[in-house]
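User: I have a structure to get through today. Can you take me through it in plain terms?

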Amino acid sequence: MITLGHYIVLSVLLFGIGVFGILTRRNAIGILMSLELIFNAVNINMVAFSKFLTPDLVYGELFAIFIIAVAAAESVLGLAIILAIYRKKQTVNADEMNIMKY
Amino acid sequence: MEVGDLNIILLGYLIPFLPLLAFIIIVSMTKKFRLTSAIISISAIFISFLLSLILLYFRLKDTNAHNFIEYNLPWLSLGNFNLNVGILINNLTAIMLIVVTTVSLLVQIYSIGYMHGDDGFSRFFAFISLFSFSMLGIVVSNNLLQLYIFWELVGLCSYLLIGFWYHKPEASDAAKKAFVVTRFGDFGFLLGILILTYNAGTFNFIEIEHYLKAGNMDAGLLTIVILLLFCGAVGKSGQFPLHVWLPDAMEGPTPVSALIHAATMVAAGVFMVARLFDIFSLSSDALKIIAYIGGFTAIFSATIALTQDDIKRVLAYSTLSQLGYMMLALGVSGYTAGMFHLYTHAFFKALLFLCAGSVIHAMHTNNIWEMGGLHKKMPITSITFLIAAFAISGIFPLSGFWSKDEILVNVYESGNKILYYAAVITAFLTAFYMFRLYFVTFTGNLKDEHAHESPAVMTVPLILLALLSIISGFVGIPGTEKSIYNFLYTGEHPHEVAMNLKIAISSNIVALSGILFAFLIYGLKLIKAETMKKITGPFYVISKNKYFIDEIYLFLIRKIFFAITEFVKWFDRHIVDGAVNLVAFLCRWAGAKLRLTINGNVQSYALIIFSGMILIIAVFAIYNPEALRIFGGR
């Protein structure tokens, strides 16, 4: 029997992997992928809570769909920015993008 | 409301409004057409004058002097506190409207001649119209705030007109001096108004009066409030010690001196006290102080007037002295006498100034010792000046006699001997310096052959004012039923004014001896002026230098005031600014250190954000486990 706890553990694991990826990956595209993992951790949470706590309502599922749509748009934007940076600096290495400072 | 009342209300709004309209038209349209501007301004004040006459007629028809008509036009509403543009028409207003419009009308006609060929001709008439509007506004106001606004407006007009020839440094300095000195008084006035309104919850004269009569205010506080209100009058009416601005204000064009600094604006202080007399009379202590200040100003300025060389300055000190007389009358509860003197004084003092203007116009100098023998060349000016001089000296039966005599009777009946003798001595001095002026200027050897009589546009107002100086006193003959006293008096029972023959005759003798004295010295030259100078010695020097008041003020400002400001400046620069700079320095120092942590790497930023979040959760978990519920905990 799969309980709410299982889903939450899965979600926490995904979130953790995502955070780890964001903080450690050097490749900008990798960071973007890690971000997607965090989004999906949230989605799993949403759907799981919706199913177990309010089975009659579909708010959680609805939000998950919205998040997927927004995440797609966000990925497009992120990739576009990375592409622009690549054209300018010939690299997608996050360590070399350090102009956001004093 | 009756139809008559409605008419009066309409008149009350129209009379001040017309000069304002003239001002707007001149400023916006006819600035380039000089004569048109003058005609617009004069027609406006002429219509106002006619309307004032109608209003006076309405008031005369009403046999009950207590009646008044009040009307409020809502202006601002702040919560349940309402500000109104109101008018309060009573007998006092009616008289004052006549005084202001008459003098303003005649002075404006005179100005066509006097200001002829001046570059600022249109500007002059615009300012005079604005002034007439403001002054009439003071007269009809029914609440303190409105009164104060118009009060400041006349101050502004005074400033603009004293500095009319602003290219002369003396004129612009005098304008600034007038503005700053009166500000001292106005500050007290504003404080008084605010304290009154804070307590009574209204600006309205009559409501405040009811509030105070119900005994709602502590007597000590009431005295202070009344003295604060009186501060305004001290500034505007040039009472000691704020009198220093008025003689300097003579730098303005002479018609301005006649209108603003003799007849109307400087009398606004007296008028204000008279208008609020029901409030002022609630504190006998305050009235006593007012009487002493008035009496002192009267004799003090008269002694200065004795030795001045500038024809307009003599008249300015004379104005101060007469205003002191009015204040003295108000201070001894001679409310009607004070107002009566204001009314007669407006005519003869305006006349004196306009005559002086006529002389200056002919001679191009203000120094009386460069004049002389002008009677032959300028007969009309000379004769009208003589009439005014007799009137101000209080010679029977000219207007000044009736009003001055009434003040003397009031002071005498108050039982204060010091003030009475001060008033009598002032009467002597007044007669002396006026006739010193007359003899030196108009008799003796002719010193300038080019002098000529002024054009008719200037002499006709002189003649009309001379006529008024003669007849305007007849409304105040004591003992008659329909005298100005009963008209103005608002007390309980009819105001009986008996003629005090002893005082009347003695005051005339005093005045005549003053004239005789002046005649002996300056007319016949039997007594040499030089000898008098030697006999009086130090007194002459003191009087000539105006008691060194200006020098004392300068000393106080330079040595004491500047020393204080020097300290304040140091405190501001080092302590206040230092504190501000310290904060700025700390911020910059902290920023310089902290910015090193910002290395530009996005991932390190993300790490900081995550660590921060975890830190917050940790803090919550330790101090407030309940709050963890927002993160989904139990």
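Analyst: One term to begin with: accessible areas come from the Shrake-Rupley method with a 1.4 Å probe, and for residues only the protein chains shown count as cover. The accessible surface of chain B is about 27,900 Å², and 70% of that belongs to carbon and sulfur atoms.

User: What kind of model is this, and how are things numbered?

Analyst: This is a predicted model, where local features need pLDDT of at least 70 and side-chain atom pairs count only at pLDDT 80 or more, while totals for chains, interfaces and linings use all residues. Residues are numbered from 1 along each chain as its sequence is written, chains are lettered from A and ligands numbered from 1 in the order in which they are written, and side-chain values use heavy atoms, with hydrogens and water left out.

User: How many helices and strands does chain B have?

Analyst: Chain B has 26 helices and two strands. Both are DSSP runs numbered from the N terminus: helices are H or I with at least four residues, strands are E with at least two.

User: And what share of chain B is buried?

Analyst: Of the 634 residues in chain B, 54% are buried. Buried means under 20% relative accessible area, exposed means over 50%, and partly exposed is in between (1.4 Å probe, protein chains only).

User: Where are the cis peptide bonds at Pro241(B) and Pro397(B)?

Analyst: One joins Phe240(B) and Pro241(B), with omega about 5 degrees. Pro241(B) is in the loop between helix H8 (219–236) and helix H9 (245–248). Another joins Phe396(B) and Pro397(B), with omega about 0 degrees, and Pro397(B) is in the loop between helix H17 (379–393) and helix H18 (399–414).

User: What is phi at Ser333(B)?

Analyst: Near 65 degrees, a positive value in a residue other than glycine. Ser333(B) sits in the loop between helix H14 (311–331) and helix H15 (335–363), and is partly exposed, at 45% relative accessible area.

User: What about His364(B), buried or exposed?

Analyst: His364(B) is exposed, with a relative accessible area of 69%. It has a positive phi of about 60 degrees, although it is not a glycine.
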